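Please look through the sequence and the structure shown below before reading on. The briefing that follows is grouped by topic, for a reader who is meeting this structure for the first time.

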Amino acid sequence: MRVILESKVRKKPTIPIEAESIIPRNFLKGTDLMVYEGNKERTLSELFWIFVEGTAVSPENIEVVLKGDASRIKRVGEYMDTGSILITGDIGMHCGNFMSGGTIEILGNADAWLGREMRGGMILCRGNAGHYCATGYRGEKKGMQGGKVEVLGNAGDFCAEYLAGGEVHVHGSTGDFPGVEMRGGRLTIGRDATRPCANMKDGTCVVLGNVHEMIPTFEKIDRRVLPEWKIIADVYKGDVANRGKGTLMVKIPGAA
Amino acid sequence: MLVNDVVCPFCGCLCDDLELEVEADRVVRVLNGCSLAEATFMNDTRLPAPIRRTSTAWEKISYDEAIKETADILKDADRPLLYGWSSTHGDTQSVGVHIAELIGAVIDNTSTVCHGPSILAIQEVGHPGCTLGQVKNRADVIIYWGCNPIEAHPRHMSRYTTFATGFFVPDAQRERTIIVVDTRRNDSGGIADEFVQIEPGGDYAVLSALRALVRGKESVIPKKVAGISKEQLIRIAGICKNAKFGAIFFGLGLTMSRGKYKNVRNAIELTDELNRHTKFVISPMRGHGNVYGSNEVFTWMTGYPFAVDFARGIAFYNPGETTAVDILRRGECDAALIVASDPGANFPRVAAAHLAKIPTVLIDPHVNATTSLSRIHIPCTAAGIDAAGTAYRMDGVPIRLKKVIERGYPDDAEILKKIYDCLNGWMIP
């Protein structure tokens, strides 16, 4: 079954919409769902043109397609456990919060907190991701714990903060502090990173581009060939300031 | 008439030993206060009555009219923002939270552009702190990091640190070691025993290096970290480890420079590391007189210290998403109520520009930069001058502000209560 939601033109287009009800499982019983626009509760049909194609008996066969301007729609795919969501443009904050299964594909850019506290499943963002991509909530000791987030563009600051499990792959560059407070999992940055893995405890990070402003408390322990990426990389242990046992691998410039 | 033991409501120090000479509705002399206190009490020029913007000028309106129009603006809003709260007393802040809950607003205080990052760091790793009295009587090593107390908190050094005689530090000037860390040699740096000139944005790296040095991992540290030589870093780590009681005070140089709350977190974790060797504490140098109080009031009423979003009827908190600057920058809110602060002068241009676009109401005793962005400005009492109430000092100690004169203005808590009643449909003035 495919559910197509096309956003209607709104009088105040900058008021955020909170739509945690948009997950495939909820469409099994119909499209009579509630969302919030600012501080007002609305029905889904007040904000979207809804088209349903085919039928489904189980949630894993449901695909939700979001069309039109979704850049202000927050929390799409929150607590999603199965099925798939396709977003044809940009998506607002908190897309895929607490997701434990299924797939989300974003053809445009994602705003901040993409895949916050994710447990499983897969998010593919074909554009850029905002700040706090694949992280946790304020003050929480664990961020993303499982699943995979792949960003084909760049990611903002604090990408994969408190990463505790799963895999994050940013093909472009990241902003400040990627992998800060990391305690598990795997972070791969395709291009440049600034101050990566500060205060890390555990986990592995690979930077395939340049590192700007390396944190001074990382201990260089080895130089290694990484066959997976066909590169030679310097291997650091750290963060020494934090009694950390994490691994940071940085490609040696020029070496193939 | 001479009034004793007056509390100055201006900065987070809340000095409570001022003497004021009062004549009728005017303060004519300030004793014991710093130049900021003197200006607070003596240059207190108020807006005489509520004003409303017309297409070409301002017109005077009555308080009842202003209150009713404010309630109308807030009632119809889909995402109202209530901001400010830091230069007034606790009662006003509490009514503000009630209004936010009633109308589903976002309520935020000035921590959002000041020590909000310190709070985020404290939520991650805790706060090894103490009251200023402990620092005064015990501390023999003081670190001022990214702040300039001589100009911003002029009596901090004489009341609590460098020049204050303490029970266990009787000869304060000789017995206390002062370390000042800043990007340039400011006035406070001039009287430091050890001045550390750091490259802008290098705080995080230096704090990490100090943590490693305190752990004895000298070999890892490169020759220079953010413009500071390894020798100086080793010397500072030594001073800290050999202290009997150390206190770190940090300002916006740490919270609002690159890295923000991660800088503060690193400083807290350095304090934590030093506590394996000696006693060390860390405290933020809070700016507005009662900004700590706004955090307290918000926390005990909503569970969160700032940036609380009531849009869904329950409190949600996520700085970066529900903070005033971010909401304004994204053009989310469609009405704003500003109380006891001046975002027009302090917010980024794009955020202030959005305030001018939407209906904004300002409740503040003085004409300030936000007045020119507002639709309505309602004058009120100034807490600590012509209104009594509770404020919290920068170390979390509640202090009762005194009413020293009567100037005939209504209390801002009273104005907000009337707005609340209007919104609740109980009373139409």
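**Briefing on the model**

In chain A, S3(A) is joined by four bridges to strand S4 (residues 40–43), and the two run antiparallel; strands, at least two residues of E, and helices, at least four residues of H or I, are DSSP runs numbered from the N terminus, and two strands pair if DSSP finds at least two bridges between them. This is a predicted model, in which local features need pLDDT of at least 70 and side-chain atom pairs count only at pLDDT 80 or more, while totals for chains, interfaces and linings use all residues. Residues are numbered from 1 along each chain as its sequence is written, and chains are lettered from A and ligands numbered from 1 in the order in which they are written.

**Strands and domains of chain A**

- Within S4(A), Thr43(A) is the bridge partner of Met34(A), and in the hairpin of S3(A) and S4(A), with two residues between the strands, Gly38(A) has a positive phi near 60°.
- Strand S2 (residues 17–18) of chain A pairs with strand S3 (residues 34–37) of chain A in the antiparallel sense over two bridges, and Ile17(A) stands opposite Glu37(A) in S3(A).
- Chain A is divided into domain 1 (1–84) and domain 2 (146–256), with bounds that come from an automatic or database domain assignment, and the C-alpha centres of these domains lie 35 Å apart.

**The sheet of chain B**

- Five strands of chain B form an open sheet in the order S10-S9-S8-S13-S14, with parallel pairing.
- Its edge strands, each pairing on one side only, are strand S10 (194–197) and strand S14 (279–284) of chain B.
- Strand S13 (residues 245–250) of chain B is joined to S14(B) by six bridges and runs parallel to it, and Phe250(B) stands opposite Pro284(B) in S14(B).

- Leaving aside neighbours within four places in sequence, Leu226(A) is in contact with Ile231(A), Ala233(A) and Met249(A), contact meaning that the C-beta atoms lie within 7 Å.

Key:
Contact = placed C-beta atoms within 7 Å.
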